Amino acid sequence: MTWRVETRAYTFTMRLPEPPRRAPILLGFSGGMDSTVLLHLLATDPGIRATGLGAIHVHHGLHAAADAWADHCLRACTALGVPLQVVRVEVDRSSGLGLEGAARAARQRAFAAALDIAAILALAHHRDDQAETFMLRALRGAGTDGLGAMQQWRPFHRGHLWRPLLDTAGTALRAYAQEHGLRWIEDSSNADDRHDRNFLRHRVLPLLRERWPHADAALARSAHHSGNASRLLLALDHANLAQVRPTAPDRIAIPELLALGPEAQARVLRLWMHELGLPPLSDNGVARVLREVVPGPRDRQPSYTWHGATISRWCDSLHAGSAQSSAPVAWTLAWDGRCPLTLPDGSQLILEGNTALDAPIQIRTRHGGERIRLPGRTHSSSLKHLLQALQLPPWARARLPLLVAADGEILAAGDQLVSDRLARMLGADPESPARIRWQRA
């Protein structure tokens, strides 16, 4: 797909790359010059039109002209025969991300909700945006991962995100827009250099171009190289994480972690948090975990807590999860097994299989001193000692829901231990045995 653009000063060719795969495309359309050019390029491509093309405009409600902008976007899309959905969002000003960050987060949520399975979200970021992003992250002390800046193609929610203009200069987009007589929105806030990106765009980069005319292209190339290096490191990080996390997703073996170098330890911890869906660790957080938690005494439980998450040491392992109070409140519930039971901490008990309990049972927290008779044994054993043998940390043992029969016999501790009595009940139908599953919050 090639468009030849001629101006009085120069002649050049702008090429829109083919999407990495054929799928319906949803364009994130702000109505600004960049997304207006991308809308025109996509809408005039027969192959893309045949696959499916739509647009989404996110109405943040932050500007007095927001309604007029939405109307403009609707007219622009209607003129090209592209269906547009306008989505109004609430920007959380108390999120701690700043107004720009909170608006971006709201926009990302709207894009994710609107994107069909396997579809492509197209955004109009270009080479100048990439250079600005690289500089912003460098000034914030980012490592290789952050300096990789924006990727042209990556997974996003249920589909993929595509930035087809990422290698195209902003001057080329403006020339194309003028050549085709396109009309776009000029957001006055883009000129406010109190915002970091605007300060770079209007004051720093022009100064750099005076000395290095191709500064934008050079910075974008550095971002590209950093991205390549980051992807190679990420593959190594996944291999290292698999090596130090042999048993459970929320547990890391400390001896294996210490066998890695300090830099690899930090990257593994960050990837671990990402895979668990926990808040990212700052540089200081990583340093404190490695300095205070990892080398802690084996018989103690040092921990580090941040933003509602915690990493704790118990025996020779690190355990990660949501931060909770050390002493859960006692509670008791009744359950017949017919439907999943939601417990006070948000976890669920589920009876899987074509069976039902003979009679409702009691679900409660541990009191201490309980005993349970396991399958194949003639006597009961201390529940505490059995759970210790499973290497469950004390805080996890304290939160295990107990299944108790009407006569007081312990039937199970979550899905970790099942008594002989309950095992026989669940296996009454050999062709379709049932099982208890405890789904953590």
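Mentor: In H4, the buried residues are Gly 101, Ala 102, Ala 103, Ala 106, Ala 110, Phe 111, Ala 112 and Ala 114. The model is a predicted one. H4 covers residues 98–114, 17 residues in total. From first C-alpha to last, H4 reaches 24 Å. That is close to the 24 Å expected at 1.5 Å a residue.

Now the packing partners. The buried residues of H4 pack against S3, S4, S5, S6 and S7. S5 spans residues 84–88.

S7 and S8 form a hairpin, with 2 residues between them. His 157 sits in that turn and has a positive phi of about 50 degrees.

Next, the largest nonpolar core. It holds 31 residues. Ile 25, Leu 27, Phe 29, Val 37, Leu 38 and Leu 42 touch the most other members. Elements giving two or more residues to this core include S3 (25–28), S4 (53–59) and S6 (120–122). Those three strands are also among the ones that the buried residues of H4 pack against. Helices H1 (33–43), H3 (66–79) and H7 (170–179) likewise give two or more residues each. H1 supplies the largest share, 7 residues.

Last, the rings. The count comes to 1 aromatic pair. It is formed by Tyr 304 and Trp 306, with ring centres 5.5 Å apart and planes at 15 degrees, so the pair is stacked. The cut-off for stacked is under 30 degrees. Both partners are buried: Tyr 304 has 9% relative accessibility, and Trp 306 has 7%. The limit for buried is under 20%. One charge contact with a ring also deserves a look. Arg 211 lies over the face of Trp 212, at 5.8 Å from the ring centre.

Notes: Residues are numbered from 1 along each chain as its sequence is written. This is a predicted model: local features need pLDDT of at least 70, side-chain atom pairs count only at pLDDT 80 or more; totals for chains, interfaces and linings use all residues. Side-chain values use heavy atoms; hydrogens and water are left out. A nonpolar core is a set of buried Ala, Val, Leu, Ile, Met, Phe, Trp, Tyr and Cys residues joined through side-chain atoms within 4.5 Å. Buried means under 20% relative accessible area, exposed over 50%, partly exposed in between (1.4 Å probe, protein chains only). Helices (H or I, at least four residues) and strands (E, at least two) are DSSP runs, numbered from the N terminus. Two strands pair if DSSP finds at least two bridges between them. Rings of Phe, Tyr and Trp (its six-membered ring) pair if their centres lie within 6.5 Å; planes under 30 degrees apart count as stacked, over 60 as edge-to-face and the rest as tilted. A charge sits over a ring if NZ of Lys or CZ of Arg is within 6 Å of the ring centre and within 35 degrees of the ring normal. The expected span of a helix is 1.5 Å times one less than its number of residues. Contact means heavy atoms within 4.5 Å.
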